[in-house]
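These are my notebook entries on one structure. I record below what I looked up, entry by entry.

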Amino acid sequence: MRRIFPLVTSAVFAGAMAMSMPASAKPILIGLDTPIQHQVGKDTIAAVKMAVDEINAKGGVLGRKLAYVVADEGVDPQLGVSAINKLTSDDHVNVLIGGYSSGVQLAQEPHIARSKTIWLGVGAASPNITALVGKDYDKYKYIFRVNPLNSALQAKQIVDFATHVVKGQLHRDKVAILGESAVWVRGLVPVLVKGLEKNGMKVTYQQLFDESMTDFTPLFARVKDSGARYLLIILSHANSDVFVKQLYEARLPMPYGGIDVKSMTPNFCSRVDGHAVGETTVNFITRAPITKKTIPFWDKFVKENGRAPVYTAPGAYNAVYLYAWAVRKAGTTKADAVIKQLEKADYLGVGGRIKFNKLHDDIDGPGYQNLLFVQWQKDCTRAVVWPKSVATGKIVLPPWVK
Amino acid sequence: MGKRNTIGAAVLLALFAGLPPLLHNHYLTGVFIVCAIDGIWAASWDFFSGLTGRENFGQALFIGGGAYAAAFLNGNFGLNPWFSIPAGIAVAVVFALLVGFPTLRLKGPYFALATLASAAIMQQVAINLWQYTGGSEGIYGLDTLIESSLGFYYLVLALMVATVVVLGLIARSRWGTIMRAIKGDETACQAAGINVTFYKIASLAVSAAFAGLGGVLFAHYQQAVTPDDFDVFLSISVIIMAYVGGLGTIWGAACGGILLNLMLELMRGLGEYRLWVYYVILMVVLFFMREGFVAPLWRRLRGGNA
Amino acid sequence: MLTVLIYGAVTSAVLAMLAVGFTLIFGVARILNLAHGAFYAIGAYCAYSFTALLKLPLIVSALLSVAVVAVFGMAMERVLVRPLRRSSLAVLMITLTVALTVEQVLFIAFGSQSKNVPAFVNFPINVHGVSVDGQRLLALAIAVVLIGALWLFIQRTRLGSAILAVSQDPEAAQYMGIPANRIFTIVMGLSAALAGAAGVISGPFLSVRPTMDQTAMITAFSVVIVGGLGSIPGSILAACIIGYSQTIVAFYLNPEWTGTVSLVAILLTLVLRPSGLMGRVVNA
């Protein structure tokens, strides 16, 4: 009798403790699938950390804290697939955030779908990624793209920029196009050309080149000879620093700009010895009041990390907040319920409002996420020259162009 | 095969077969699947290069050939994925014949460079003919051969064991003896009346067939192919696996493949430093263990005569 | 026309600098040094570090960088390669792991973004009406000077004759009292210095990032295969052929195909004349 009494009391006590403990002390786990050795990966992680810390400081989500775990996807589809498997089957994350290379992303899709885990993409732009949602909704409904805009939308916005700024402000209507020969560029260029011509511009020369190309001088000669007065560029993996340096060396007699992913990084201009002055590139964020959240995010990121963020950072930050919002609305982390909320979302992010179309792809438009056309100006400062609603400066010609 | 070797093989097999269901973890099963495929690739490379001493630096040509064959049939034409296996093997063998005839007469480093260049050219073709191959994005959305990952694993494991057994049998037969003789002194073989060219090309074709088989399995596991499947880095990884396993042993090469991939995956915890640590370990192993790691280790454990 | 002539010359010059070092060490020591691209990368990153981080003057940085690479190459040869020299596959593998390790160290230390190596000559120079970037002309000049100096060194000095002797028959040379081992180390140092110099001089107008060793290796391969492994004149000739082919294709045909030029050159060489233009007979 004496032995049993303490046993029973402890059991009752333990039972009472268990019942009174918050039902979900288990954190909500975010799986970060990103190339950790690259800047886009490092900034994705830093941005997620920032968002997670902020949300936890305010009490977490549904009484649970947020936590995250990182898996390297490199730029290798095999590593990417095993990263997805690790995050979903080993770490059992509630949501996946990340991405960079479209090739890796496309290979990962069936594995993400199989794991029935929500994926919030922040880095890859191929339209094929979300096209799968339309082709087989039940299988691929977990896929969302928070950032960037897919390349078809980017083409549309570049046409806008060309029409209003290149033709409208600079009065130049003959355009040449140079881009790397990636699949997404090949899909983008015809859309671009059609749009430009529809708006009264003429494409005098277009050429794609291999992304490992390091000698662009022959291309610049051809661009010049074609009579073009503006050069549109589409670069992502190509050697932008070499391109810009050689363009400066050749003193190509026209302004230029377009998509140059590497030029999005805030230290790009100084890394090419200031020779990028005059280049206009699309950005998804810059230190300007695009929304009321933009500058606070930017300044806090710089303070915490000692560097300015690249384009995956605002996307990742938004993704965490968006997911937290959707989980709160749904009252659960169960994927199907959260998906329903995400599909209805119209959430104010750092770069604009985030809303998804039927293919779970982020949309553009006034107030939503749009491309910012940012130009490197004197002393490597940056000015937003388009769209007008958020412009902080006027477009200028490169210093050697009269 | 020797009683001790049989026991060792049985224990190893039991381990490989028994671990995944015990761990009950889709991720780890996936890792084991890739390990087994790496084992097939390493064994296939070792069969040709380990026995004849001619270092083939373009095994990825055959791997990618098998993988893209699978992608065309299943991805572009929607055929049942099981058809990919004979197709992939056939394509790899054709590549071996195409590459073998002009290059097998070349000596040491020239043969290595020639095979390396062939794979690199094929990679460039895969990127440039983007209308058919999907360019650098590749072909994705392929079907898997077996829905359950455990089931897929047993398929691959069985095929890996079959690979090692078949190649091992050939290596122990007269064919294998001739291959080793070619490694020793090719001119003497020729003088002895052996059709050296036939044996070299046939051996390369066999090596390619199994590499292509591995490529097909890989394509249907990943459910995607990209030009990376032709990459020189893949060729080199396969060589490293065979080297660490023990050149010329075939089973050792397979174990090397399994070991190295397992190591790489389990080292994810090292974050950014993962690859650096891996390469330093490799450097140490390659420097201090000229005979490899796995095969000599087994010889030591087993004791007794070779 | 003149543009193609000059640009072709610059491209060929950089190709030659990479290839000559690679073929030299093979010709003398029968070593296929897969770390050669890493030497190139280390040269460029040293130039970046010394100028941007330590703020040393350009000339000093350049010379120091080449010295660092040379020492690195000699150390690698002495510590890792010499003990394994009996097996050519072992040497291949160990130099490969060195290259992979170096690439990782560069990733970890410097990050994935490209770095800026400042140019010696920052302005374009007018050559008979064609405006060429000064740094590129400097690269051409330096390549010519260095390769010429190497050639003279080998042909005219005692050490050079020793190198030639060792490359023809290491054992016989050893009997003659020439320390073959030490010669191998010295030659590796020369080879590394050339590659490092190529990295320093072309860093300003090419891309300096951790994976730059890979492009350098592929380039070096194509040139030495076409020129013939082990032949310096062959490498120079092949560099000109491939360099000019690339420039002509880029200027007159389709810039999308410049990457395939070197691969096609390799294919043609291996099928038609595997020993290359000036290499030794290589059939088994």
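The entries begin with conventions and then go through the chains, their contacts and some details.

**Entry 1: conventions**

I note that this is a predicted model, in which local features need pLDDT of at least 70 and side-chain atom pairs count only at pLDDT 80 or more, while totals for chains, interfaces and linings use all residues. Residues are numbered from 1 along each chain as its sequence is written, and chains are lettered from A and ligands numbered from 1 in the order in which they are written.

**Entry 2: chain C as a whole**

I looked up the secondary structure of chain C and found 11 helices and 2 strands. Helices (H or I, at least four residues) and strands (E, at least two) are DSSP runs, numbered from the N terminus. Starting at the N terminus, I read the order of elements in chain C as α-α-α-α-β-β-α-α-α-α-α-α-α.

I then turned to the dimensions. The C-alpha atoms of chain C fill a box of roughly 55 × 50 × 35 Å along the principal axes. The radius of gyration of chain C is 19 Å, which agrees with the value near 19 Å for a compact globule of 284 residues. The radius is taken over C-alpha atoms, and the globule rule is 2.2 Å times the number of residues to the power 0.38.

In chain C, 57% of the 284 residues count as buried. A residue is buried if 20 or more other C-beta atoms lie within 10 Å of its own, exposed if 12 or fewer, and partly exposed in between, with C-beta atoms placed from the backbone. Of the contacts in chain C with a separation of 6 or more, 75% join residues 24 or more positions apart. Two residues are in contact if their C-beta atoms, placed from the backbone, lie within 7 Å.

**Entry 3: two helix pairs in chain C**

How do H1(C) and H8(C) lie to each other? The axes of H1(C) and helix H8 (residues 180–202) of chain C come within 9 Å and cross at roughly 170°. Axes are lines fitted to C-alpha atoms, for helices over the stretch in contact, and angles run from 0 to 180 degrees between N-to-C directions. H1(C) and H8(C) are therefore roughly antiparallel. The classes are roughly parallel (under 35 degrees), roughly antiparallel (over 145), roughly perpendicular (65 to 115) and oblique (the rest).

Among the residues that meet here are C:Val14, C:Met17 and C:Leu18 in H1(C), and C:Phe184, C:Val187 and C:Met188 in H8(C). I read the contact of H1(C) with H8(C) as 18 nonpolar, 3 polar and no charged residues. Ala, Val, Leu, Ile, Met, Phe, Trp, Tyr, Cys and Pro count as nonpolar, Asp, Glu, Lys and Arg as charged, and the others, Gly among them, as polar.

For the second pair, helix H5 (residues 134–156) and helix H6 (residues 158–168) of chain C pack at about 80°, with their axes 5 Å apart. H5(C) and H6(C) are therefore roughly perpendicular. C:Phe153, C:Ile154, C:Gln155 and C:Arg156 in H5(C) meet C:Gly160, C:Ile163 and C:Leu164 in H6(C). This contact divides into 4 nonpolar, 2 polar and 1 charged residues.

Chain B has 14 helices and 2 strands, and its C-alpha trace spans about 50 × 45 × 35 Å along the principal axes. Of its 306 residues, 56% count as buried.

Which element of chain B gives the largest share of the side that touches chain C? The contact takes 30 residues from chain B and 29 residues from chain C. H5(B) supplies the largest share of the chain B side, 9 residues. That side divides into 21 nonpolar, 3 polar and 6 charged residues.

**Entry 4: chain C against chain A**

I found 22 residues of chain C in contact with 25 residues of chain A. Helix H1 (2–29), helix H10 (232–252) and helix H11 (258–272) of chain C each give two or more residues to this side of chain C. The side holds 9 nonpolar, 10 polar and 3 charged residues.

**Entry 5: chain A**

An automatic or database assignment supplies the domain bounds: domain 1 of chain A is 28–149 + 290–354, and domain 2 is 152–283 + 371–390. Their C-alpha centres lie 29 Å apart. The contact between these domains takes 10 residues from each.

Is A:Gly59 buried or exposed? A:Gly59 sits in the loop between helix H2 (39–57) and strand S2 (66–72) of chain A. With 10 other C-beta atoms within 10 Å, A:Gly59 is exposed.
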